[in-house]
Every structure is written in C-alpha cells, then in structure tokens.
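Reader: I am new to reading structures. Please pick one part, look at it closely, and then show me how it connects to the rest.

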Amino acid sequence: METAVRNLFARYQRFFNRALDASASFYASAFIAASPAGVVAGKNDDQLGRIMEQGYERYRATGTKEMRIRDLRLSPIDECHCVAHLAWTAIYSRQDAPDISIDFDVHYLVQKLNGEPKIFGWVSGDEQALLKEYGIV
C-alpha cells in the first residue's frame, strides 16, 4: 500500500504544479474535510469540480508558483486504509519582493480498493491565517 500511496501523491503534486490545477480523479466518490472553519462532507461530482476550480483560481491569484512535498509519512489503519501525513511547501511569487516559501501540513485519509488508492478525506490547518501571517493575503 505504501508504494501506491506515495505514487498517488507524487502524481497529485505533478498534476497540481502543471497548471495549478487538480483533478477530482484523485478523490473517492465521497469525502470529508475538516479545518478550523468546520467539517464538510461531499460527493465527487460536478460541484466538487467547480469548487476545486475556484480554489485553484484563488491559488493562482495569490501568486502560488509551486507546491512541493517535503515529507510523506503513512500511518496504516488496516490493509485498505491509512492516513498520509504530508508536509508541503508552497512557493509564492510576489511582485515587489522575493519569492516566499510557506510550510504546512495536511493529513489525508486514503482508501485503496481494487489496487487504486483514492483520497476520501483530509484534515488541514487554518490556511487563511497562515497566508495572512506571511502577508500573502
């Protein structure tokens, strides 16, 4: 399972960085997300695609150039499930200052069925507060 999950996130990173975009194909048919803003549950449908596009438009508008995985650690739950603890670095370009790198963590819930891992949830910190702290927004 570890190799499959590492490959999933390597593809996720490459896909994201190609055009600051991501695909709903990385996600299970339903998901749950938690952050300091609350908990949301949803389906992998057209609405998710629209929400993802809006999110990536926001990333582009704030100057996000690249997302890099600094570290990936897995906590197995059983033969089909794990938590993937990802340490990310986001690199932002700024017009009047040097690029800035911001480190953050996201914990992804992953299920591997029929040989293919999918993200079915994630827990993240307060992204807006972090971006304010660094003067991005």
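**The turn at N114 and its surroundings**

Author: Start at the hairpin of strand 5 and strand 6. Two residues sit between these strands, and N114 in this hairpin takes a positive phi near 50 degrees. Keep in mind that the model is predicted.

N114 has a positive phi of about 50 degrees, yet it is not a glycine. It lies in the loop between strand 5 and strand 6. Is N114 buried or exposed? Its relative accessibility is 83%, so N114 counts as exposed, the cut-off being over 50%.

Strand 5 covers residues 97-113, and it pairs with strand 6 in the antiparallel sense over eight bridges. K112 has P117 as its bridge partner in strand 6. Q111 stands opposite K118, again in strand 6.

A4 touches both K112 and P117, leaving out residues up to four places away in sequence. A4 belongs to helix 1, which spans residues 2-19. A4 has 17% relative accessibility and therefore counts as buried, since the limit is under 20%. Compare that with its distance to E57. A4 and E57 are 53 residues apart in sequence, and their C-alpha atoms are 29 Å apart in space.

Strand 6 has another partner too. It runs from residue 116 to residue 124, parallel to strand 1 (residues 27-35), and four bridges join the two. On this side, I32 stands opposite G121 in strand 6.

Strand 4 and strand 5 run antiparallel and are joined by 13 bridges. A hairpin of two residues links strand 4 to strand 5. In this pairing, Y92 stands opposite I100 in strand 5.

Look inside strand 4 next. H85 is found there, in the run of residues 81-94. H85 has a relative accessible area of 17%, which means it is buried. Its side chain makes a polar contact with the side chain of H107, at 2.8 Å. H107 is one of several contacts. Leaving aside neighbours within four places in sequence, H85 also meets D71, L72, R73, S75 and V106.

Now turn to helix 2, residues 46-61. At 1.5 Å a residue its 16 residues should span 22 Å, and its end C-alpha atoms are 23 Å apart, which agrees. Which residues of helix 2 are buried? They are L48, M52, G55, Y56 and Y59. Seen down the axis of helix 2, these buried residues fall within an arc of 95 degrees, so they line one face. The face turned away from them carries the exposed residues D46, R50, Q54 and A61.

Check both ends of helix 2. D45 caps the N-terminal end, where one of its side-chain oxygens lies 3.1 Å from the backbone nitrogen of Q47. G63 follows helix 2 and has a positive phi, near 90 degrees.

Finish at helix 3. E133 is found in this helix, which covers residues 127-133. E133 has 62% relative accessibility, so it counts as exposed. E133 and S93 are 40 residues apart along the chain, and their C-alpha atoms are separated by 16 Å.

Terms used. Residues numbered from 1 in each chain as written. Predicted model: local features only at pLDDT ≥ 70, side-chain atom pairs only at ≥ 80, totals over all residues. Heavy atoms only, no water. Pairing = 2+ DSSP bridges. Buried < 20%, exposed > 50% of the residue type's maximum accessible area, 1.4 Å probe, protein only. Contact = heavy atoms within 4.5 Å. Expected span 1.5 Å × (residues − 1). Arc of directions from axis to C-beta. Polar contact = N/O pair within 3.5 Å; in protein donor to acceptor, adjacent residues only side chain to side chain.
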